[in-house]
There are 6 protein chains.
Amino acid sequence: MQTLVGTQKGSIYHLEINRPKSLNSMSSQLFQDFKAAVDLINKADDVRVVVLTGRGNHFCAGLDLKEAPLMFQFHEDMDQARKSIRIYDLLKDWQLAMTSLSRIKVPVIVGIQGYCLGGGVDLITSADIRYCSEDAKFSIKEIDLAMAPDIGTLQRLGLQNANTSLFRELAYTGRTFSAQEALKLGLVSKIVKNENLNEEIFKLAELIATKSPVGCYTIKSILTREQNLDQHLDVMARTNMAMLFTNDIPIAITSSMTKTKPEYPKL
Amino acid sequence: MQTLVGTQKGSIYHLEINRPKSLNSMSSQLFQDFKAAVDLINKADDVRVVVLTGRGNHFCAGLDLKEAPLMFQFHEDMDQARKSIRIYDLLKDWQLAMTSLSRIKVPVIVGIQGYCLGGGVDLITSADIRYCSEDAKFSIKEIDLAMAPDIGTLQRLGLQNANTSLFRELAYTGRTFSAQEALKLGLVSKIVKNENLNEEIFKLAELIATKSPVGCYTIKSILTREQNLDQHLDVMARTNMAMLFTNDIPIAITSSMTKTKPEYPKL
Amino acid sequence: MQTLVGTQKGSIYHLEINRPKSLNSMSSQLFQDFKAAVDLINKADDVRVVVLTGRGNHFCAGLDLKEAPLMFQFHEDMDQARKSIRIYDLLKDWQLAMTSLSRIKVPVIVGIQGYCLGGGVDLITSADIRYCSEDAKFSIKEIDLAMAPDIGTLQRLGLQNANTSLFRELAYTGRTFSAQEALKLGLVSKIVKNENLNEEIFKLAELIATKSPVGCYTIKSILTREQNLDQHLDVMARTNMAMLFTNDIPIAITSSMTKTKPEYPKL
Amino acid sequence: MQTLVGTQKGSIYHLEINRPKSLNSMSSQLFQDFKAAVDLINKADDVRVVVLTGRGNHFCAGLDLKEAPLMFQFHEDMDQARKSIRIYDLLKDWQLAMTSLSRIKVPVIVGIQGYCLGGGVDLITSADIRYCSEDAKFSIKEIDLAMAPDIGTLQRLGLQNANTSLFRELAYTGRTFSAQEALKLGLVSKIVKNENLNEEIFKLAELIATKSPVGCYTIKSILTREQNLDQHLDVMARTNMAMLFTNDIPIAITSSMTKTKPEYPKL
Amino acid sequence: MQTLVGTQKGSIYHLEINRPKSLNSMSSQLFQDFKAAVDLINKADDVRVVVLTGRGNHFCAGLDLKEAPLMFQFHEDMDQARKSIRIYDLLKDWQLAMTSLSRIKVPVIVGIQGYCLGGGVDLITSADIRYCSEDAKFSIKEIDLAMAPDIGTLQRLGLQNANTSLFRELAYTGRTFSAQEALKLGLVSKIVKNENLNEEIFKLAELIATKSPVGCYTIKSILTREQNLDQHLDVMARTNMAMLFTNDIPIAITSSMTKTKPEYPKL
Amino acid sequence: MQTLVGTQKGSIYHLEINRPKSLNSMSSQLFQDFKAAVDLINKADDVRVVVLTGRGNHFCAGLDLKEAPLMFQFHEDMDQARKSIRIYDLLKDWQLAMTSLSRIKVPVIVGIQGYCLGGGVDLITSADIRYCSEDAKFSIKEIDLAMAPDIGTLQRLGLQNANTSLFRELAYTGRTFSAQEALKLGLVSKIVKNENLNEEIFKLAELIATKSPVGCYTIKSILTREQNLDQHLDVMARTNMAMLFTNDIPIAITSSMTKTKPEYPKL
């Protein structure tokens with residue numbers, strides 16, 4: 001992984017975007033590295049929480065514009081339909097990379113400082129928990145490239161958002177918005193002082209790491225499904241046909257009764 | 001009904017959870033009583049609003065842990081699949097009990113004071129309107145039993161919530177949250193002073209009880225359906241093929257023009 | 001169009017409800033005019049944004065009650081089923097008129113002052129962006145006519161709303177609510193001073209009008225679809241098979257690099 | 001149960017409609033008895049297959065017309081909307097009764113001789129396997145009562161049928177059709193000589209009764225679900241998280257290797 | 001209507017494609033005429049059945065190839081995305097025309113003789129009942145124009161077909177297939193002798209015209225909906241809240257008891 | 001690829017299961033090889049059709065029972081929930097392998113001779129076209145291992161099948177069925193003499209290989225989607241926004257007019 005740095009501390013895996021000179025913008029390499037990182041993390045069965053941050057002063061400035069022209073290099077005698085098929089394949093590949101945070105089986109916490117623009121917003125919508133610092137600046141910037149956000153923002157944030165009027169204004173104008181507006185939009189759930197961001201998200205990660213891995217797995221597995229209420233309740237019951245037989249439950253009950261810290265085996 | 005008390009005052013039915021010594025925690029008996037209460041209320045055609053509260057200082061402390069071990073008593077030569085089928089049947093039965101507030105045909109208002117934990121949160125998500133007092137304390141506590149909330153919270157609150165980041169933090173950590181955070185989360189819509197809670201919810205109940213029963217029935221019948229927008233609009237039109245022929249409409253129009261209080265016949 | 005006034009200023013189309021003496025209430029004529037206006041706007045390929053307001057002091061007072069009795073005039077020997085089929089056809093026709101703002105291919109901004117009641121709320125839920133003045137007063141008033149809102153509010157606002165408890169209270173009681181509550185509900189995204197409403201919405205319209213028409217078209221086309229996440233991402237990719245080949249993109253990139261204002265061709 | 005006779009022979013439960021004088025037509029009592037029978041069967045954990053037939057010369061002649069007028073007896077001052085709500089409740093109750101064969105957890109085989117008309121067709125569409133005798137005569141007869149089939153036929157047979165043209169002809173005309181056409185339509189899967197019908201369906205029931213109850217339970221549980229392909233595959237995997245741990249599997253493998261008959265424990 | 005001829009005989013409306021010199025191939029005019037014809041028929045409240053045939057020796061030879069180049073005439077400085085938007089609008093318009101048979105509120109019977117190719121197959125898939133003569137020849141011919149069938153065949157016939165293997169062979173090869181294969185595929189439900197085709201379909205039309213218009217309306221209204229089983233049963237019940245109150249039912253019952261022909265009022 | 005042999009002849013790719021000594025039964029290796037083969041084929045842009053057969057006398061005898069015990073080897077201190085998670089991951093991996101034929105972008109034709117049992121049936125349900133020889137013998141054999149078919153048969157064949165009664169009999173009994181019954185079931189579309197099977201499927205492959213690759217791609221891309229009719233028609237239109245701009249169309253038209261064989265460029 002050339003563009004990401006991964007460090008495991010106990011049961012917490014810290015993943016950092018590592019292109020600070022380019023404001024952590026997204027290159028083709030970054031997309032490939034994200035997919036590789038997720039495969040790696042899902043195999044490491046002693047990881048209980050993932051924390052994602054960006055090195056340097058900014059979280060992520062979106063697509064690396066230097067790479068955009070490469071998308072449009074086709075063999076010259078291709079007709080439009082054949083070019084379109086290649087663009088489709090490329091977009092599906094990027095969507096897979098961008099939604100890969102939702103494929104990580106343990107909770108993912110993102111800490112955002114500085115710029116979080118365009119593809120950066122797409123990326124964080126597939127994390128579990130999002131905190132940002134007071135200085136964070138967001139933009140659904142794709143419209144300024146004459147495009148619609150096509151790898152997550154419209155789908156995850158736009159369709160479920162309670163204030164669709166605010167969301168659409170941001171999508172149509174591409175204007176920068178503050179941490180406060182991101183909070184109103186539901187894009188982040190907490191704003192912390194710049195200097196405390198890392199401390200806060202790691203404290204949260206450590207808390208979640210003490211909880212039952214089976215419990216966390218089940219919650220995430222259910223929340224990332226798409227379906228109607230009846231089906232949802234039924235799938236929940238089917239999943240718990242197995243999950244309720246975990247030893248984590250007696251451990252949890254004993255710990256709760258004896259007021260001691262529970263020690264759960266890894267997944 | 002051993003664990004619930006029901007009292008009808010005019011057209012308002014007051015349902016109270018009545019296990020104050022156990023902090024109104026949920027026993028198997030309570031699940032059965034809930035189903036019985038709903039059947040009773042749906043048959044009483046002069047009830048226009050239901051108010052649900054808990055006796056004592058707390059609304060509901062969640063599953064009664066003393067009963068949990070009973071779930072796992074199986075005949076000793078059952079294999080895992082057979083045990084799982086029994087757990088599935090049990091969960092479906094509990095889901096039916098917990099979602100029974102949404103089966104009541106008239107609006108249901110819940111007033112929450114003190115603790116509302118675990119299964120208590122599952123329960124109130126299927127009510128229509130939720131007020132709480134300033135001292136209310138909530139927790140999506142299942143993770144501390146190494147479980148996912150499996151009878152409503154993830155499905156009703158988790159999938160539709162605008163701030164998924166906040167919701168997931170609460171589900172993964174099981175931490176206690178205040179009335180203020182419950183308001184932000186959309187779990188309640190109003191916080192009132194402790195001493196005024198009952199007064200406020202009954203005032204609201206009385207207001208709704210003056211409205212057309214056919215109108216309220218139709219609104220609730222539509223809002224509890226699950227489907228896409230086109231289908232939804234079509235079902236609305238199909239339902240109103242009948243509903244618009246109610247005499248409540250001329251009564252409503254006359255009352256509106258003469259500024260007098262309308263008197264609607266029962267449903 | 002007898003009940004609407006349309007004026008095009010540059011690439012902004014200003015549509016005004018023009019029944020100030022009846023508080024801009026909705027007559028049968030208004031429904032027909034809305035459908036005609038949308039067809040007109042969609043054919044005018046140099047329109048980039050639509051702004052909708054009401055003439056006089058109020059945005060829209062809902063259905064014109066004087067017309068309601070006409071709905072119920074049937075040939076006397078029709079049986080109930082035949083009457084119901086006619087009501088269904090009428091409702092489908094009104095739903096089509098009310099949801100016509102979502103059929104406009106460019107972004108639609110609504111500015112609301114004074115009353116926005118009943119059908120007025122149905123109407124604005126299918127706009128893209130909603131601002132209101134400080135004095136705006138809203139009501140989901142249908143219950144006071146013994147009816148459920150059947151042309152958009154329950155479907156667009158009720159099913160997706162984050163605070164379902166607040167929404168249901170408003171639907172069951174029909175009580176008036178302020179600009180502040182409308183903001184909390186997600187019904188509007190910004191409250192502005194009474195005297196500044198027009199200025200603010202036209203400033204926003206002008207900003208959006210400078211953006212790529214292909215980009216705006218694609219965003220709106222995706223956001224008005226109804227489906228699950230996987231399908232949604234796939235449709236996005238299919239749509240961009242064509243959209244990414246627009247010349248707006250090189251124009252956007254050049255403009256972004258040279259810090260000049262982009263000039264996009266019309267759609 | 002006044003209108004049904006239930007007899008258990010080994011692990012096969014034989015359910016017979018017992019109103020031969022009325023051609024086994026469906027009365028209110030029959031609907032109630034069906035629901036009771038299903039509850040009874042689902043509790044009897046040693047039943048592995050259910051066989052349903054009609055006593056006398058005919059399987060079922062549909063709704064008992066003598067009872068139809070009772071449906072339309074309302075208190076005289078009820079308006080149309082209130083009457084409609086009662087009809088809706090009644091239909092939901094009948095739908096529940098009619099679809100109850102699909103709620104039986106073990107496979108259900110139906111043997112049809114003589115008339116199978118109207119509601120009789122609705123009823124058998126929710127069984128698992130349908131055989132008929134050569135003399136069987138079918139009719140989707142509701143149109144001759146000026147009605148649409150509203151308790152299963154349109155939904156189960158009409159929407160999934162491969163030859164929609166044939167299906168619609170039968171639904172619009174109500175004409176009688178033969179065993180051969182029923183086979184083409186997919187309404188039955190085998191036609192047997194009149195005198196062999198019982199023998200054939202019991203032979204089939206006995207064969208299925210030798211199979212693993214866990215395997216049969218899982219197949220039926222999956223086939224009665226409604227959802228898209230991706231979700232379907234996922235639910236299958238979730239269900240088998242538990243089901244593959246059954247002891248029936250080693251029993252099956254041993255039996256298969258030693259060519260002996262497997263003996264499975266009850267569910 | 002230049003390309004269609006409509007004649008009403010009693011309560012049967014006979015619609016004929018009238019371009020015999022072009023083998024009844026589909027021109028832009030034909031698409032517009034189809035939409036107009038459907039609007040006309042839906043307004044004529046005394047029509048109970050529609051019969052669709054083609055004048056001359058062939059039913060319909062598909063898209064008129066002479067018109068195809070017109071689709072691709074664009075203003076020369078349009079970029080690819082803008083061209084694509086126009087193609088999309090054109091296709092949606094054609095889909096609306098082609099699916100218009102399903103918008104007719106009464107049953108539609110199609111009689112097919114000679115060629116039924118490409119768009120002709122798309123067209124008939126949205127009819128209710130399809131008969132063909134022995135000499136009929138079909139082809140899903142779009143692949144021979146390097147296209148996929150995009151106005152009905154893949155969607156209506158391809159996704160629901162029981163023998164997907166046969167369907168895909170026909171779609172990938174574009175080969176001609178006989179009346180017999182069309183019957184196996186479920187594309188037609190009956191093959192009749194060439195000289196008897198008209199007689200048979202009018203006999204069927206006359207039979208359906210004697211049935212209750214409310215009953216037929218309800219059947220068609222339900223069968224053209226798309227949704228899952230639970231929702232489907234519920235919509236059925238909602239629709240019958242109104243439909244069961246028709247006078248057609250007592251007329252039907254009386255007629256059934258007195259063995260006389262029922263006379264139903266028009267819709 | 002140890003268990004598969006791939007040979008490209010012109011634009012036809014012949015894939016053969018190559019474990020004849022084990023009756024081409026499915027090992028873990030085979031699952032991995034299938035995924036690899038699909039990736040290989042999708043990259044080879046000059047392949048237009050894939051033909052799948054089995055070497056030796058049998059197509060595929062299902063899961064290799066020798067490997068089954070490996071599935072159930074877990075670390076001894078794992079609890080039930082943790083074991084279940086591993087089984088789930090394994091099944092999802094197998095489902096991915098088994099459905100991989102549907103991921104191949106060009107049409108896939110399967111030729112089946114001899115046994116096609118259990119997993120073999122799952123496998124072929126995701127192909128496009130299925131022919132079998134007269135001696136073919138099928139079985140949905142999973143029930144004889146006390147299991148439900150969990151990698152395709154219930155989902156692809158069971159839920160869409162027109163004769164659900166026949167399908168369920170086969171699933172519950174696991175009995176062997178002939179080529180004739182497979183034809184009725186829609187599992188195959190043509191039965192050919194044993195000695196002609198290869199000739200027939202290659203003749204069909206060659207015919208399809210002469211068709212437009214863009215046309216075939218679009219047909220397959222649409223037919224493998226899952227959604228309702230309105231959405232389906234819309235996706236078709238969106239896809240053709242690009243596809244109709246292929247040069248294959250003028251090539252096709254010219255060839256059609258000049259009666260010459262078209263030569264299409266590769267995809």
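Visitor: Which strand is joined to strand β2 (residues 12-17) of chain D by six bridges?
Guide: Good place to start, and keep in mind that this is a predicted model. Strands of a sheet pair through backbone hydrogen bonds, either parallel or antiparallel. Here the two strands run parallel, and the partner that six bridges join to β2 of chain D is strand β3 (residues 49-54) of chain D.

Visitor: Which residue in β3(D) stands opposite I17(D)?
Guide: Look for I17(D) and then across to β3(D). The residue standing opposite is G54(D).

Visitor: Which strands stand at the edges of the sheet in chain D?
Guide: Let's follow the order of the open sheet, which is β1-β2-β3-β4-β6-β9 in chain D, with mixed pairing. An edge strand has a single partner, so one side of it is left without a neighbour in the sheet. That describes β1 (4-9) and β9 (190-192) of chain D.

Visitor: At about what angle does helix α1 of chain D run to β1(D)?
Guide: Helix α1 (residues 28-43) of chain D lies across β1, β2 and β3 of chain D. Its angle to β1(D) is about 15 degrees.

Visitor: Now for chain B: why are the buried residues of α12(B) on the same side?
Guide: The buried residues of helix α12 (residues 248-258) of chain B are D248(B), I249(B) and A252(B). They sit on the same side of α12(B) because they cover an arc around the axis of only 100 degrees.

Visitor: What do the buried residues of α12(B) pack against?
Guide: The face turned away from the buried side carries the exposed residues T254(B), M257(B) and T258(B). The buried residues, in turn, pack against α10 (213-223) of chain B.

Technical notes: Residues are numbered from 1 along each chain as its sequence is written. Chains are lettered from A and ligands numbered from 1 in the order in which they are written. This is a predicted model: local features need pLDDT of at least 70, side-chain atom pairs count only at pLDDT 80 or more; totals for chains, interfaces and linings use all residues. A residue is buried if 20 or more other C-beta atoms lie within 10 Å of its own, exposed if 12 or fewer, and partly exposed in between; C-beta atoms are placed from the backbone. Helices (H or I, at least four residues) and strands (E, at least two) are DSSP runs, numbered from the N terminus. The arc is that of the directions from the helix axis to the C-beta atoms. Two residues are in contact if their C-beta atoms, placed from the backbone, lie within 7 Å. Two strands pair if DSSP finds at least two bridges between them. Axes are lines fitted to C-alpha atoms, for helices over the stretch in contact, and angles run from 0 to 180 degrees between N-to-C directions.
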